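Thanks for coming. I have one structure to show, and I will keep to a few points about it.

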Amino acid sequence: MALPNDPAILLSVVNTLLRNRYADLDVLCDTEDISRRSLERCLASIGYIYIPRLNQFR
């Protein structure tokens, strides 16, 4: 799956995937062949961090 480049849209897509398909961020990144570091850096640029106990970016 190609993820959007816009950080705000990416946030929405990633949180939806985490809620509906994936047990955690590592599983999402491994399955979709996405760099976790790049994803976290992109979303941090708009003020969001991954919260494991919630399994979402906030």
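One term before we start: a residue counts as exposed when its relative accessible area is over 50%, and as buried when that area is under 20%. Keep in mind that this is a predicted model.

With those cut-offs, take aspartate 33, in the loop between α2 and α3. Its relative accessibility is 71%, so aspartate 33 counts as exposed. Its phi is positive, about 55°, although the residue is not a glycine.

Asparagine 55 also has a positive phi, near 55°, and is again a residue other than glycine. It sits in the loop between β1, residues 50–51, and β2, residues 56–57. Is asparagine 55 buried or exposed? Its relative accessible area is 14%, so asparagine 55 is buried.

Now the core. The largest nonpolar core has 13 residues, and those touching the most other members are Val14, Leu18, Leu25, Leu28, Leu39, Leu43 and Phe57. Two or more residues come from each of α1 (7–20), α2 (25–32) and α3 (36–44). The largest share, five residues, is from α1. Beyond its neighbours within four places in sequence, valine 14 contacts Leu28, Leu39 and Phe57.

Last, the helix pair. The axes of α1 and α3 come within 9 Å and cross at roughly 120°. That angle is why α1 is described as oblique to α3. The crossing is left-handed. On the α1 side the contact uses Pro7, Leu10, Leu11 and Val14, and on the α3 side Leu39, Cys42 and Leu43. By type, the residues of this contact are seven nonpolar, no polar and no charged.

Note on methods
Residues are numbered from 1 along each chain as its sequence is written. This is a predicted model: local features need pLDDT of at least 70, side-chain atom pairs count only at pLDDT 80 or more; totals for chains, interfaces and linings use all residues. Side-chain values use heavy atoms; hydrogens and water are left out. A nonpolar core is a set of buried Ala, Val, Leu, Ile, Met, Phe, Trp, Tyr and Cys residues joined through side-chain atoms within 4.5 Å. Buried means under 20% relative accessible area, exposed over 50%, partly exposed in between (1.4 Å probe, protein chains only). Helices (H or I, at least four residues) and strands (E, at least two) are DSSP runs, numbered from the N terminus. Contact means heavy atoms within 4.5 Å. Axes are lines fitted to C-alpha atoms, for helices over the stretch in contact, and angles run from 0 to 180 degrees between N-to-C directions. Angles under 35 degrees count as roughly parallel, over 145 as roughly antiparallel, 65 to 115 as roughly perpendicular and the rest as oblique. A crossing is left-handed if the near helix is turned anticlockwise from the far one by less than a right angle, and right-handed if clockwise. Ala, Val, Leu, Ile, Met, Phe, Trp, Tyr, Cys and Pro count as nonpolar, Asp, Glu, Lys and Arg as charged, and the others, Gly among them, as polar.
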